[in-house]
Structure formats: structure tokens, C-alpha cells
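Here is a friendly note to go with your first look at this structure. Please keep the sequence and the 3D view open as you read the points below.

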Amino acid sequence: MKIKDVMKQTGLTRKAIYYYEEAGLIAPSTDPENQYRIYSSDDVERLRYIRTLRRLGMPIRDIKTILQYPDQATLLLRKQLARIEAESSELALCRQAISVLIEAAEQSPKDGGRSRIREADLLAGAVEQERRRRDDYMRRRLMELFPGTMGKFMALHFGAFLQEPLSDSDKESAWERLVGYVDSMEQFDIPSQLAEHIDRMSEEEIEEAAAVYRESLQRYISPTEAEYEELKKEMRAQVEQFKKWPLNQEQTALTRQLKERLDRAGFYRVFVEQMRTLSADYRNYLETLERLQRDLNVRYDDHGMLTI
């Protein structure tokens, strides 16, 4: 079956179908003569199932787990129901706060509801506390605290690891330090082409991109010994290929400059350390990278050259 037929039967766009394929949710076969994708009836059924779950707000990572391990469907569907119920509770509090402001605005049109702002703010604070218990709180909050390119960039590149709620005082403190650091740092220069691309992305697209990014990093998070050996082989091959690249000196020099700039700004001392506290996955990811560098003796020397 060709992709046009699949689009008609599922109601999905071409990009959405390719996205789910890239995320590993479907794996269509390929025509050996022209390399076109060939979709089966099972692919169509899976895509319909995926579409339904996405409409219900199910994260990509949970959908993939359900497709791979159907016996976990009940657990993950109940988890999604709990998310929805929590959101309903938040919406009820938001509705109550807005109703307070509307009532005040009607009674005193000139102040726009400000006469009861304290009461509304207490309700808004309760909403915030509810949100802090959600596993997507920090990722979403980054985009709220730092509107525009910066917040989206942070949510995209670090949101993949921020999958835990603020469940204890250590995390609360680490989160406050991280936010304070980002708020006080100088403007972070993001390449204009990348910035334009990020600016065009909606919050939902950022969420989905972070999920795909997380999936690509999953192999680095607590790999088995067999998986680690495979990663080591891949990195060794990448390093050997990099050494042959004509622009490797320029690239390593730029990397060294960026590392030095971030180091002077306290990025590794402040931001990375807070991330270690906020995310067990981030700690495990860094441990794997550090182990790979030790085992392969990969480092940047004083001249910005990659050495083995």
C-alpha cells in the first residue's frame, strides 16, 4: 500500500507518518526496485491506534511501550487517565480563579478585577502546586519562564531528560538554582538558522521533538554491558571517521571555544550539576559518556584537537 492510500485511511499527514516511522512506532517494508515504502494493513491498524492515543494526549514514549509490550497497556492507560484527572483538577482551580476575577470586574469595571487579585492569586498558587507534581512540569515551565527561542531551546535539548516531578526538597532547591542561573546568564547566541527553525515550532512540536530526542539517547541511559560494548564500537568508528574529515581541526577548535565559554559562564558548575539532581536519566547518560571517553581515551587537547 502506498503512502497516499495510508493517508486516506488514517487521516494522518505524510509528515506525521514519517515522524512515527522515525520514532520507531511503525516499520514499513521497502520496494527493492525503487526504495518506496510499502505499508501493510498492520501498519495502517497501528497508525490508527497511534492516532487515537495521541488524540488522547498519550506521550510517544508510552505509545511505543504499549506497541512493543501490549501487556503494559493497562498500566500506561491508567497513568494517562491519572494525568487527565490531574489536569481536570487544575482546570477546575483555574476556572474558579477566573470566575473570581470576572465577578470583581463586573462589580468594579474600572479596576478589571484587581480588587480580588489576592484571592485569585491564591487559587493560581494552588494550580502551580498541582502542576509541580506532574512529570512534564519542568519541561513546560521552561517555556513559560523563558518565552521565545531560549525557553524552546532549553525544553528541546534538556526537556528529554526532565521526566520527573519535583518530588522532594533537593529537587525543589536544584530547580530554583537552575532557573536562577538561566535567568541571570548573558544572552545565549543560538545560530540564526536554528533559532528561526525553533521559533516556528509550536509547544506541541517541541514536546514531540523532545520525545524523539529522548528515544535516540535511550541507549546511553543505563545500557547493559552488551549494549555498552556496541556503543563503544560505534564511537570508535565515529572518531576514526572524524579524524579523516578535512575540517576536523576547525570543528574541534570551535568546540573547545564553546566549552571554554560555557565553563566561564558557570554552565558545567551550575546548570549541569542541577540537572544531575533533577534527573536520574541525565546522571546515567553523563556516566555513560564519561565511561566511553575514559575507555576510548577520547579528549580535546590544548590545541582543540581530538586525540585517541
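1. **Confidence.** pLDDT is the predictor's confidence in each residue, on a scale from 0 to 100. Helices (H or I, at least four residues) and strands (E, at least two) are DSSP runs, numbered from the N terminus. Over residues 300-308 the pLDDT is below 50. In the model this stretch still has 28 contacts beyond near neighbours in sequence, a contact being heavy atoms within 4.5 Å. Where pLDDT is low, the predicted coordinates should not be read in detail. For the chain, the mean pLDDT is 82, and 88% of the residues reach 70 or more.

2. **Ground rules.** This is a predicted model, in which local features need pLDDT of at least 70 and side-chain atom pairs count only at pLDDT 80 or more, while totals for chains, interfaces and linings use all residues. Residues are numbered from 1 along each chain as its sequence is written, and side-chain values use heavy atoms, with hydrogens and water left out.

3. **The chain as a whole.** The secondary structure comes to 15 helices and four strands. Of the 308 residues, 39% are buried; buried means under 20% relative accessible area, exposed over 50%, and partly exposed in between (1.4 Å probe, protein chains only). Among contacts with a separation of 6 or more, 63% are between residues 24 or more positions apart. The chain exposes about 19,000 Å², and carbon and sulfur atoms supply 50% of that area (Shrake-Rupley method with a 1.4 Å probe; for residues, only the protein chains shown count as cover).

4. Which residues of helix H2 (residues 14-22) are buried? They are Ala-16, Ile-17, Tyr-19 and Tyr-20. These residues cover an arc of only 160 degrees around the axis, so they lie on the same side of H2; the arc is that of the directions from the helix axis to the C-beta atoms. Lys-15 and Glu-22, on the other side of H2, are exposed. The cover over the buried residues of H2 includes helix H1 (3-10), H3, helix H4 (60-68) and H11. Just after H2 comes Gly-24, with a positive phi of about 85 degrees.

5. **Positive phi outside glycine.** Have a look at Gln-35, which is not a glycine but has a positive phi of about 65 degrees. Gln-35 belongs to the loop between strand S1 (29-30) and strand S2 (37-38), and with a relative accessible area of 56% it is exposed. Ser-222 also has a positive phi, near 50 degrees. Its place is the loop between helix H11 (203-217) and helix H12 (225-244), where Ser-222 is partly exposed at 48% relative accessibility.

6. **Around the H11-H12 loop.** Pro-223 is in the loop between H11 and H12. Is Pro-223 buried or exposed? Its relative accessibility is 18%, so Pro-223 counts as buried. Leaving aside neighbours within four places in sequence, Pro-223 is in contact with Tyr-228, Leu-231 and Thr-288. Pro-223 and Asn-284 are 61 residues apart in sequence, with 9.0 Å between their C-alpha atoms. In helix H12, Glu-230 is partly exposed, with a relative accessible area of 38%.

7. The structure holds eight aromatic pairs, where rings of Phe, Tyr and Trp (its six-membered ring) pair if their centres lie within 6.5 Å; planes under 30 degrees apart count as stacked, over 60 as edge-to-face and the rest as tilted. One aromatic cluster is formed by Phe-161, Tyr-220, Tyr-282 and Tyr-285. The charged end of Arg-291 sits over the ring of Tyr-228, 3.7 Å from its centre (the rule asks for NZ of Lys or CZ of Arg within 6 Å of the ring centre and within 35 degrees of the ring normal).

8. **Two buried helix residues.** Gln-274, in helix H14 (residues 267-278), is buried at 8% relative accessibility. Beyond its neighbours within four places in sequence, Gln-274 is in contact with Ala-174, Arg-177 and Leu-178. Leu-296, in helix H15 (residues 280-296), is buried with a relative accessible area of 8%. The C-alpha atoms of Leu-296 and Met-235 are separated by 8.4 Å, although these residues are 61 apart along the chain.
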